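This report describes a strand and the sheet around it. The sequence and the structure come first.

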Amino acid sequence: MQRTDGGGTPARASLRTVPPQSCEHPQHPQRPEIGDSWARLRRLGLDPERGRPARHLRPAELEETRRATGLEQVLPVLRSALFGPGEPAPVVLAVADPKARVLWLETDRRLRRDADAIGFEPGALWSEDEVGTNGIGLAARTARPSTVHSAEHYLRSHRGWTCVGVPVRDPRTGRLAGVIDLSGPATGDHPYLRQLALTAARLAETELRAGHLEALHRLRTVAVPLLARFGGPALVVDGAAGRPPPPACPARPGWPRRPATGAAAGCTGCRRWASARWSRWPTAGWCARPPRARPRSPSRPGPPPSSWTCAAPPAPSCGCAAARAPGRTRRAPGTPSCSCCWPCTGTA
């Protein structure tokens with residue numbers, strides 16, 4: 001990341017249509033989130049008159065960050081919903097990542113010129129610590145929809161704007177995926193701006209969810225024929241959060257993972273999955289295969305098939321009569337009464 005002056009000093013006024021009284025410094029911000037933000041920035045020593053030199057991502061860093069976020073897929077639906085064909089854009093649409101770095105900016109030529117005057121452009125770091133109280137930085141820090149109107153901006157040069165930032169969450173993990181921001185001149189009447197920004201963020205999350213479901217479908221299409229060749233238990237997950245930890249017993253969702261060794265290790269299947277080997281698939285997924293069960297020593301024969309039991313607690317969602325309580329008799333290996341029996345028998 002490099003520092004630039006953004007084509008002008010940060011203290012320069014942004015919108016020439018703003019009346020002088022809108023740039024007055026409010027002594028007592030009314031809303032708590034604005035007051036808290038201002039107090040933080042005063043402690044950091046940020047000057048509301050001069051600010052700091054704008055920080056920007058280098059072109060290569062910007063492209064890499066865009067690809068990493070996966071937010072590019074939401075741009076077409078946002079453009080079609082917010083901007084009519086051939087009509088001037090009434091607002092500035094900005095899409096930022098969780099660190100408040102502006103990745104894309106869409107508007108007409110007039111508003112873009114005003115935005116460029118304060119360094120509000122793709123690649124700019126728009127966090128509170130860098131450019132003061134603003135919709136993107138506040139939403140990225142609090143993970144809540146945030147509206148900053150006119151003189152609520154900490155920097156005097158930004159008080160010609162009204163901006164609304166709304167967080168977008170990754171439907172796969174629930175984590176913050178980015179921020180959708182709509183901004184416009186503070187002199188304009190924008191009662192719809194907050195609702196419009198909330199709608200845009202929901203559209204973005206819907207688009208991300210649709211893309212995730214499509215990726216899962218592709219992963220299943222590739223995984224099914226490959227899993228059929230294994231001849232044993234295997235587990236395939238997507239790569240939403242990187243390499244996953246060793247899973248719990250896959251036949252009982254929600255059960256805590258058992259340790260791989262020790263007296264607390266319950267059923268054989270849980271111990272096997274805890275030591276499973278993971279391999280990365282080219283279709284953005286991970287595949288796990290537990291080690292093969294070792295045959296019992298001839299000197300220590302196992303219990304007869306008619307007395308096989310499960311040491312794990314009962315599974316509330318299992319319909320198998322043999323798995324409803326510990327100590328109940330299970331069928332012999334190879335003939336499980338339901339799909340939940342094989343982890344406890346230790347067979348595939």
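## Burial of strand β3

Five of the five residues of β3 are buried, so this strand is largely enclosed by the rest of the structure; buried means under 20% relative accessible area, with a 1.4 Å probe and protein chains only. Strands are DSSP runs of E, at least two residues long, numbered from the N terminus. Both faces of β3 are covered, with Val 92, Ala 94 and Ala 96 buried on one side and Leu 93 and Val 95 buried on the other.

The model is predicted, and local features need pLDDT of at least 70, side-chain atom pairs count only at pLDDT 80 or more, and totals for chains, interfaces and linings use all residues. Residues are numbered from 1 along each chain as its sequence is written, and side-chain values use heavy atoms, with hydrogens and water left out.

Strand β3 (residues 92-96) runs antiparallel to β4 and is joined to it by four bridges, where two strands count as paired if DSSP finds at least two bridges between them. Ala 96 has Val 102 of β4 as its bridge partner, and Ala 94 stands opposite Leu 105 in β4. The two strands β3 and β4 form a hairpin with five residues between them, and Ala 100 in the turn has a positive phi of about 70°.

Strand β7 (residues 176-185) also runs antiparallel to β3, through five bridges, and Ile 180 in β7 is the bridge partner of Val 95.

## The sheet as a whole

Five strands form an open sheet with antiparallel pairing, in the order β4-β3-β7-β6-β5. Its edge strands are β4 (102-106) and β5 (146-149), each of which pairs on one side only.

Note on methods
Buried means under 20% relative accessible area, exposed over 50%, partly exposed in between (1.4 Å probe, protein chains only).
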